[in-house]
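Open the model in your viewer and get ready to click along.

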Number of protein chains: 2
Amino acid sequence: MKIFIIGIDGYLGWPLALHLRERGHEVSGCDNGLRRQLVQEEGSDSAIPIADIYERAIILGESNIHYNDVMDYKETEAIIKEIMPDAIVHLGEIASAPYSMMSAKHCAFTNINNIVGTLNLLHIMRDICPEAHLLKLGTLGEYGTPNTDIPEGFGMMEYNGRKDVFAFPKAAGSFYHWTKVHDSNNVMFACKIWGLRATDIMQGPVYGTRIKAMGDDPKLCTRFDYDQVWGTVLNRLCAQAVVGHPLTVYGSGDQQRAFLSLEDSIQCMTLALEHPSEGYRVFNQFDKVYSIRELAEVVTSVADSLGLKTHRAKVENPRIEKEEHYYNPECKKLPELGYIPAMSIENTVAQILKDLLKHKDRINLDVLLPDIRWDGSRRQSKMEKL
Amino acid sequence: MKIFIIGIDGYLGWPLALHLRERGHEVSGCDNGLRRQLVQEEGSDSAIPIADIYERAIILGESNIHYNDVMDYKETEAIIKEIMPDAIVHLGEIASAPYSMMSAKHCAFTNINNIVGTLNLLHIMRDICPEAHLLKLGTLGEYGTPNTDIPEGFGMMEYNGRKDVFAFPKAAGSFYHWTKVHDSNNVMFACKIWGLRATDIMQGPVYGTRIKAMGDDPKLCTRFDYDQVWGTVLNRLCAQAVVGHPLTVYGSGDQQRAFLSLEDSIQCMTLALEHPSEGYRVFNQFDKVYSIRELAEVVTSVADSLGLKTHRAKVENPRIEKEEHYYNPECKKLPELGYIPAMSIENTVAQILKDLLKHKDRINLDVLLPDIRWDGSRRQSKMEKL
């Protein structure tokens, strides 16, 4: 299958390219280098050293990686016209809640980049490759934390004695997460009116450093962000454990989210690509629900087994979010296609810690504590060591 | 009350300014002139001659109208800081479904303009006037045409035996209408995290040429668009009746929508302003549900009583939409505040026809038939005279 990955230089994009290549697919993609640039703007960098995009192009075949921004309609259209992919994976979005909450400018940039990028892609697919399958990355954060179970995209609901199927819930917790709702709505609409085919993946936060297709080749490593803006929670806790920084749990730590490993994320996206959608469908993509406190406990216990002493800290929550809530997203469709989690969370965390220990000097202590607050201020959160 | 209107030069903005001034409010506002420009780009113009924005500034007081784009954050912030309004009315959006469906570029522009404009305003309100009340214009088109009643923004729903209150339905029928959903979601979120106060008005299509505050002064008239891009359906049917063009009903004409007159729209927005919201609330704003065919029948019969002979035509539907559907939006909150429709639809249509007859030479026959299709082509719809 010819698969084109937008955001091929990213945390998920690069390992997905390696894995799909290993499975015999013809893989190409594009990236505008924005993630590398924005992480550096925050004074941070990937904790694990990675090849630059030109070295990556040599690995994948030079004509297979295009330095291109999906905001550039004409250039993107020309590239896709040349490749005529069977599937397009859209990972080319700005994916940070704190980034979008930093200022009106950051909020606007996140909105324009994500929404217009996706709209461009939809129009290009309509005109160039309407039969191609779009795999678009959404987030479980689009749903919020409702008091009901969370269906995979749609549920039959009754109101005033009449029934219909509704796309629900939509209750995101940051302007970034709302851009993902906006994108999902636009993709759903394009599928409806233009007959496009798309799988919209509502994915939980991902953790991990490796997938099998990387082997032990350091040139094949994927980036690993751990800072307050770009690091997802479990990856950040692992980085903290490695440098002896208190593990920062925001608020009560009772917030529940649904997590999965990098290996599982790549496995699930591959399953979706190899079983394409007819019209618009939604997958909830995760392994298991944990509270943030439980994650910190996993890191503490695994670190302990590796001889690393950790301390936990309660950090004033910079976000405005429910800390105690019901949480039960459904997850039936990917298991039906054959998804079985690859490794236990403990084994994956052990692997992350071992990989990070080799590069602990690259972890910048100044970017671990949050000062981007949902109220718009930049006051550093109070931290209370436990 | 100090009220600031974004989009004060528009079809609704200008009469709202006149009406609020008459009620003793201090009215000011801004406009970037975009509507005038975009209508001209389609080869059309307001059927009724209107004062230019500088003449309007003289009428309202020169310092009360700012030539400004809400996309310009710093300038908008400075203006609002100087005025410190008690309420802000946001009418400064691109409001055309066909415009947004014309091309990827038009779609992107509609998205950027509407979404970033609203996000800018929310950030400015947070920082400058968090107590002010935002009156934002949404559209009933955000809901689509579900098989259930349509609540005013929120309904209690049950899923898998558990209940919660959800914002639903969200099922727009054009990329423009989706921008309004995106805006509503962003405004709802800003109210939640920043404690802002907003009334989000889900308004049906408006028809009419006049409100009382205009009297008979031609300088006080508001614009009247009738072309395929900017004219709403009943206004367009009236323009067709006046020039002897067949009344164009798209598809079967069984599509139902909820309409209200210009006088009612201004009355309702005034009620919302004079009864501000505590947090985020949604009003469904309309007088009555009609099918498109019923509207054509009203125009035919009123035109006949004025001695105008009309013909009806069935036009191949350029939109992709359900033509037969259940439709029952709720409307309780505005009547509770005292909303009583000002005039019958027949009397309003008679007034529109009389006003247009004076300017029938300004109606361009070339812009009445649709060629902007939801499938992305620009083929003119087939018309079958009935």
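## A walk through the sheets

Select Lys314(A) and Glu384(A): Lys314(A) stands opposite Glu384(A), which belongs to strand β15(A). Keep in mind as you look that this is a predicted model.

Now widen the selection to residues 312–315 of chain A, which make up strand β14. Together with β15(A), strand β14(A) forms an antiparallel pair held over 3 bridges. Strands of a sheet pair through backbone hydrogen bonds, and they can do so in a parallel or an antiparallel way.

Next, show the whole sheet. Its 3 strands follow the order β10-β14-β15 in chain A, the sheet is open, and the pairing is mixed. Which strands stand at the edges? They are β10 (247–250) and β15 (383–385) of chain A; each has a single partner strand, so one side of each is left without a neighbour in the sheet.

Over to chain B. Here, too, you can find an open sheet of 3 strands with mixed pairing, in the order β10-β14-β15. Select β10 (247–250) and β15 (383–385) of chain B, the edge strands, each of which pairs on one side only. Then look at β10(B) beside β14(B), residues 312–315: these two run parallel and are joined by 4 bridges. To see one residue pair, pick Leu247(B), whose bridge partner in β14(B) is Arg312(B). Helix α10 (residues 292–305) of chain B packs on this sheet, touching β10 and β14 of chain B.

## Into the core

Select Val299(B). Leaving aside neighbours within four places in sequence, its contacts are Leu237(B), Cys238(B), Ala241(B), Leu247(B), Thr310(B) and Val349(B). Now step back to the largest nonpolar core, which has 240 residues. Which residues have the most contacts inside it? They are Cys238(A), Val299(A), Cys238(B) and Val299(B). In soluble globular proteins, nonpolar side chains tend to be buried together.

## Both chains at once

Finally, show chains A and B together. A rotation of 180°, with 0.0 Å of shift along its axis, superposes chain A on chain B with an RMSD of 0.0 Å. That is the relation of a two-fold axis. Both copies use the same surface, as 100% of the contact residues of chain A recur in chain B.

How values were computed. Residues are numbered from 1 along each chain as its sequence is written. Chains are lettered from A and ligands numbered from 1 in the order in which they are written. This is a predicted model: local features need pLDDT of at least 70, side-chain atom pairs count only at pLDDT 80 or more; totals for chains, interfaces and linings use all residues. A nonpolar core is a set of buried Ala, Val, Leu, Ile, Met, Phe, Trp, Tyr and Cys residues joined through C-beta atoms within 7 Å. A residue is buried if 20 or more other C-beta atoms lie within 10 Å of its own, exposed if 12 or fewer, and partly exposed in between; C-beta atoms are placed from the backbone. Two residues are in contact if their C-beta atoms, placed from the backbone, lie within 7 Å. Two strands pair if DSSP finds at least two bridges between them. Axes are lines fitted to C-alpha atoms, for helices over the stretch in contact, and angles run from 0 to 180 degrees between N-to-C directions. Copies are superposed by least squares on the C-alpha atoms of residues with pLDDT of at least 70 in both.
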